[in-house]
Amino acid sequence: MNANNVYTPSEALIEEVITLSRNVNLYTVKTKEEIKWLPGQFFMVSVFGFGEAPISVTSSAREPLKFCIKKVGHVTGAIHGLRAGDTIGIRGPYGNAFPLDVARGRDVVIIAGGLGIAPLRPLIHEFMENGKDYARVFLLSGSKTPADVIYSEECALWEKRGIRVTLTVDCPDDSWDVCTGLVTAHLDKVEADFQNAASYICGPEVMIEAAMKAVSARGIPEERIITTLEAHMKCGVGKCGHCYMGPKYICTDGPVFSYKELRRLAERFGKGHGPQDDPMWGY
Ligand SMILES: Cc1cc2nc3c(=O)[nH]c(=O)nc-3n(C[C@H](O)[C@H](O)[C@H](O)COP(=O)(O)OP(=O)(O)OC[C@H]3O[C@@H](n4cnc5c(N)ncnc54)[C@H](O)[C@@H]3O)c2cc1C
Ligand code: FES
């Protein structure tokens, strides 16, 4: 990254844009310098003249840098207007990473809601590439409708490489012949050794809370239930105070937290976390 000023983005060339769903695109970008990242980290991604947005890395360390971006507003809308050959600004990687030690030798239960699969994807690659370090890996991935499902083709490849995948939608249509209902409704089918397992969860706030409670009720200890949070961010580096949650900054202390940490913070400081009226915990 730019050595002189932490806020100055580096230019990155968009090499490829793939449409994953009606409002989600996958961007492969090339940077001038070599950049390394860990599963769970994010970059501040900018479009010149529009601003910056925090975006998780969705690629594994063996792949080029990729971002999976949902069009929701000003910056993400501008990014969706870009094509291969255009440039974006990036700075990072920022934030902590998914802890892997909690899962070594254990069954792993990954629960994704909607776009929450994006930051979990590099973690899934870690489990596939170093399968001998982990026991069985279960993935429950839920979306609102079939038109919102992303990475479905990859799910088929992950299944071939040993990941036990359950895809579900809340509202099926005639084309959908897989599972329906909330992701948490399918936990009973997961034959994990829950007492001895670890879980990684990402999705909308309400889904994160329900999933953390559901795997906790099945016996996974709170310190082995891991999630990644969202917040409004400006600086991404612990300076502006936009992302605070009690005494923690989501950009530097997170975005990855254990259920144990979150429960302690909620007990001491309440669930709302900052200058915003609406605390945001998820994708
Ligand atoms: C650590 C982290 C990782 C993220 N990873 C991804 C990712 O991989 N892919 C992706 O598409 N998005 C990701 N997001 C969310 C993304 O940063 C927001 O969608 C983006 O900042 C919205 O900017 P905008 O200018 O397009 O929207 P705006 O025009 O600013 O706002 C549009 C709407 O989105 C809401 N919004 C704005 N910022 C956020 C935010 N940070 N979180 C939730 N809602 C927000 C606003 O309240 C408003 O309702 C991540 C957020 C964080 C904090
Ligand atoms: S975004 Fe500025 S302190 Fe976290």
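**View 1. Ser59 sits in the loop between β4 and β5.** Helices (DSSP runs of H or I, at least four residues) and strands (E, at least two) are numbered from the N terminus. This is a predicted model, in which local features need pLDDT of at least 70 and side-chain atom pairs count only at pLDDT 80 or more, while totals for chains, interfaces and linings use all residues. Residues are numbered from 1 along each chain as its sequence is written, chains are lettered from A and ligands numbered from 1 in the order in which they are written, and side-chain values use heavy atoms, leaving out hydrogens and water. Is Ser59 buried or exposed? With a relative accessible area of 0%, Ser59 is buried (under 20% relative accessible area, with a 1.4 Å probe and protein chains only; exposed is over 50%, and partly exposed is in between).

**View 2. Here are the neighbours of Ser59.** Leaving aside residues up to four places away in sequence, Ser59 touches Trp37, Pro64, Leu65, Lys66, Arg121 and Pro122 (contact means heavy atoms within 4.5 Å). Look also for the Ser59 side chain, which reaches the backbone nitrogen of Lys66 at 2.9 Å.

**View 3. Now meet ligand 1, with 20 residues around it.** The closest are Pro54, Lys70, Val75, Thr76 and Glu230 (a residue is near if one of its heavy atoms lies within 4 Å). By class, this shell holds 13 nonpolar, 5 polar and 2 charged residues. Here Ala, Val, Leu, Ile, Met, Phe, Trp, Tyr, Cys and Pro count as nonpolar, Asp, Glu, Lys and Arg as charged, and the others, Gly among them, as polar.

**View 4. Backbone atoms of the protein meet polar atoms of ligand 1.** A polar backbone atom of Pro54 is 2.6 Å from an oxygen atom of the ligand, and one of Cys68 is 2.8 Å from a ligand nitrogen. At Gly73, a backbone N or O atom lies 3.3 Å from an oxygen atom of ligand 1. On its own, ligand 1 has 860 Å² of accessible area, and the protein covers 77% of that (Shrake-Rupley method, 1.4 Å probe). Elements giving two or more residues to the shell are β4 (51–56), β5 (65–70) and α1 (74–80). Of the elements, β4 gives the most, with 4 residues.

View 5. The domain assignment gives domain 1 (10–94) and domain 2 (101–269), with bounds from an automatic or database assignment. The C-alpha centres of domain 1 and domain 2 lie 21 Å apart, and 22 residues of domain 1 are in contact with 22 residues of domain 2.

How values were computed: A polar contact is a pair of N or O atoms within 3.5 Å; within protein, one must be able to donate a hydrogen and the other to accept it, and residues adjacent in sequence count only if both atoms are side-chain atoms.
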